[in-house]
Amino acid sequence: MQLGLTGFPLTHSLSPRIHQAALDCCALSGSYTLYPVEPQDTQTLQALLARLRAGEIDGLNVTIPHKQAVLPLVDELTPAAQAIGAVNTVYVNEGRLIGANTDAPGFLSDLKCFFTQSNLQPGRDLQVLVLGAGGAARAVVYALLKEGWQVLLAARRAEQALALAQDLRGIGLPVKAIALTAQTLAPNLEELALIVNTTPLGMAPQVERCPWPDELAFPSLAAVYDLIYQPRETLLMRRARAAGLPAESGLGMLLEQAALSFELWTGRKVPLDVLRNALEEA
Ligand code: NAP
């Protein structure tokens, strides 16, 4: 099995460790290779996909900055990848390249684990605030809407949040969008059951940054999910826990989306603990 990841830069990717553990666990020989492709280099990206079509590579993950660039280069998109407007997994089916998105179901699976482990039962209204409106937010918001959550989307550039909300409204999924400031958030907090951070604020090496405004108290009944997985506890999570709220990092999502991609390529399910242990040992 020849698997791999394209994006740029890829120097800190944890995916090779995760997928090597998956291959080993299933006793499949093969490797997971990094294919760095610079932004705007569509030719190299196309050539890489041609190798997939030719059977030289069996499966490919796609990350920043190519998750959108890959859309017109595959033969078919899964309905979720189409609605989200981003592909993180490419696989081959009967000679056709299929673009899929495992971030959305990966996020949802881990969110469900988080709620179960924390003994949380969100109220009937299922109100969630999503911070940031970039690529990951698209998958997260889509997943939440499909599960019946009412989504409030907040981004530092309100126009970015509005654009995402408009795209989703276009396919019948309603989202409210606002600017990410203490003033605009304050009147919207009372009924929140969940806050999801999709901004990179707090990610290593800038671990002292936090997307939640300093002057704003957390809503008392919300849980906090931070997509960041390096470090395992971000400043946002630390502040939320100090305020008595349950908080979780994006490590579980990273493992879930990897396991789902691996299943699309190989048809094999890998226990998440195997993948988690591989990261911990490293
Ligand atoms: P992205 O497309 O660049 O989007 C980032 C979003 O955060 C944008 O809305 C961006 O706004 C906003 N943002 C950036 N800096 C900000 C700041 N200083 N203040 C307020 N907002 C800011 O990135 P992405 O692909 O969505 O990834 C976002 C994060 O999610 C990363 O930390 C990534 O590692 C994590 N992630 C985790 C998983 C997982 O499996 N756990 C999967 C995917 C992503 P502007 O456009 O204005 O900069």
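Modeller: Asp 273 and Glu 281 are exposed, and they sit on the face of α10 turned away from its buried side. Keep in mind that this is a predicted model.

Colleague: Which residues of α10 are buried?

Modeller: Helix α10 covers residues 272-281, and its buried residues are Leu 275, Ala 278 and Leu 279. Their arc around the axis is only 95°, so they lie on the same side of α10.

Colleague: Why do residues three or four places apart point the same way?

Modeller: An α-helix has 3.6 residues a turn, so residues at that spacing point the same way.

Colleague: What do the buried residues of α10 pack against?

Modeller: Two helices. They are α1, residues 15-25, and α9, residues 251-266.

Colleague: Start with α1. How do the axes of α1 and α10 cross?

Modeller: Read the angle and the distance together. The axes cross at roughly 130° and come within 9 Å. That angle makes α1 oblique to α10. The crossing is right-handed. From α1, the contact uses Arg 17, Ile 18, Ala 21, Ala 22 and Cys 25; from α10, it uses Val 274, Leu 275, Ala 278 and Leu 279. By type, the residues of this contact are 8 nonpolar, no polar and 1 charged.

Colleague: Which residues of α1 are buried, and what do they pack against?

Modeller: Ser 15, Ile 18, His 19, Ala 21, Ala 22 and Leu 23 are the buried ones. Their packing partners are the strands β1, β2 and β3 and the helices α9 and α10. Check the end of the helix too. Ala 27 follows α1 and has a positive phi, near 55°.

Colleague: Now the helix pair α4 and α9. At what angle do they pack?

Modeller: Helix α4, residues 103-117, packs with α9 at an angle of about 130°, and their axes are 8 Å apart. The two are therefore oblique to each other. Here α4 passes α9 in a right-handed crossing. The contact residues divide into 5 nonpolar, 4 polar and 3 charged.

Colleague: Which residues of α4 and α9 meet?

Modeller: On the α4 side, find Asp 103, Pro 105, Gly 106, Phe 107, Ser 109, Asp 110 and Cys 113. On the α9 side, find Gly 252, Met 253, Glu 256, Gln 257 and Leu 260.

Colleague: Where is His 66, and is it buried or exposed?

Modeller: His 66 is in the loop between β3, residues 59-62, and β4, residues 76-77. With a relative accessible area of 3%, His 66 is buried. Beyond its neighbours within four places in sequence, His 66 touches Thr 6, Gly 7, Val 37, Glu 38, Pro 39 and Leu 45.

Colleague: Next, peptide bonds. What is the omega of the bond from Ile 64 to Pro 65?

Modeller: Omega is about 10°, and the bond is cis. Pro 65 lies in the loop between β3 and β4. Look also at the bond from Phe 8 to Pro 9: it is cis, with omega near -5°. Pro 9 is in the loop between β1, residues 2-7, and α1.

Methods:
Residues numbered from 1 in each chain as written. Predicted model: local features only at pLDDT ≥ 70, side-chain atom pairs only at ≥ 80, totals over all residues. Heavy atoms only, no water. Buried < 20%, exposed > 50% of the residue type's maximum accessible area, 1.4 Å probe, protein only. Helix = DSSP H or I, 4+ residues; strand = E, 2+ residues; numbered from the N terminus. Arc of directions from axis to C-beta. Contact = heavy atoms within 4.5 Å. Axes fitted to C-alpha atoms, helices over the stretch in contact; angles between N-to-C directions. Parallel < 35°, antiparallel > 145°, perpendicular 65-115°, else oblique. Left-handed = near helix turned anticlockwise from the far one by under 90°. Nonpolar A, V, L, I, M, F, W, Y, C, P; charged D, E, K, R; others polar.
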